[in-house]
Amino acid sequence: MKFKIDNDLIAEEFFENTRILGIVAPVKDYIFTWTLNQRLGFNFRLNNSLEIQLLKKERNYFFPIFSYQVPGTNAEHFLYNNQHDGEFLLPEFRHLDFIWLIKDEELKPGVVQKLQESLNLLPGLQLVTEISAEKIKHKQHLIF
């Protein structure tokens, strides 16, 4: 008997109740997360247990993930570094430096727009845009 992994079902469940932002900010990830923590009151921390490893061209590439659990809620924020050593976590979004994924079953209307407005005020940030999960070709690269 063979078991087959249903990647579409896994992706559908993973991306349920999520919103995704693409960010252009050509700075090191630790500087960007420090800025988010200092200026916007987040508490992002590098989460080594979630790091994404991709094998491309017979070489391993590691994409760090920073995470933040909002105290007293189910809301979780994940910040992915989209680039490592010339390779991309989401090659279809090569222009993006970071992918910000928000998981929240009770996300209130306007929260994402307010976050985008706050992000646009940060120095060094050039672009923040919402991305529909349907537009992501390599969804499995974001699943941890």
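I will take the ring pairs, then the nonpolar cores.

This is a predicted model, in which local features need pLDDT of at least 70, side-chain atom pairs count only at pLDDT 80 or more, and totals for chains, interfaces and linings use all residues. Residues are numbered from 1 along each chain as its sequence is written, and side-chain values use heavy atoms, with hydrogens and water left out.

Across the whole structure there are 7 aromatic pairs. Rings of Phe, Tyr and Trp (its six-membered ring) pair if their centres lie within 6.5 Å; planes under 30 degrees apart are stacked, over 60 edge-to-face, and the rest tilted. Phe14 and Phe15 have ring centres 5.0 Å apart and planes at 80°, so this pair is edge-to-face. Both Phe14 and Phe15 are buried, meaning under 20% relative accessible area with a 1.4 Å probe, protein chains only. Elsewhere, ring pairs join Phe42, Phe44, Tyr68 and Trp100 in a cluster.

Now the cores. A nonpolar core is a set of buried Ala, Val, Leu, Ile, Met, Phe, Trp, Tyr and Cys residues joined through side-chain atoms within 4.5 Å. The largest has 23 residues, and Phe15, Ile20, Tyr80 and Leu142 touch the most other members. Beyond its neighbours within four places in sequence, Tyr80 is in contact (heavy atoms within 4.5 Å) with residues including Phe14, Ile52, Leu89, Phe98 and Leu142.

Key: Buried means under 20% relative accessible area, exposed over 50%, partly exposed in between (1.4 Å probe, protein chains only).
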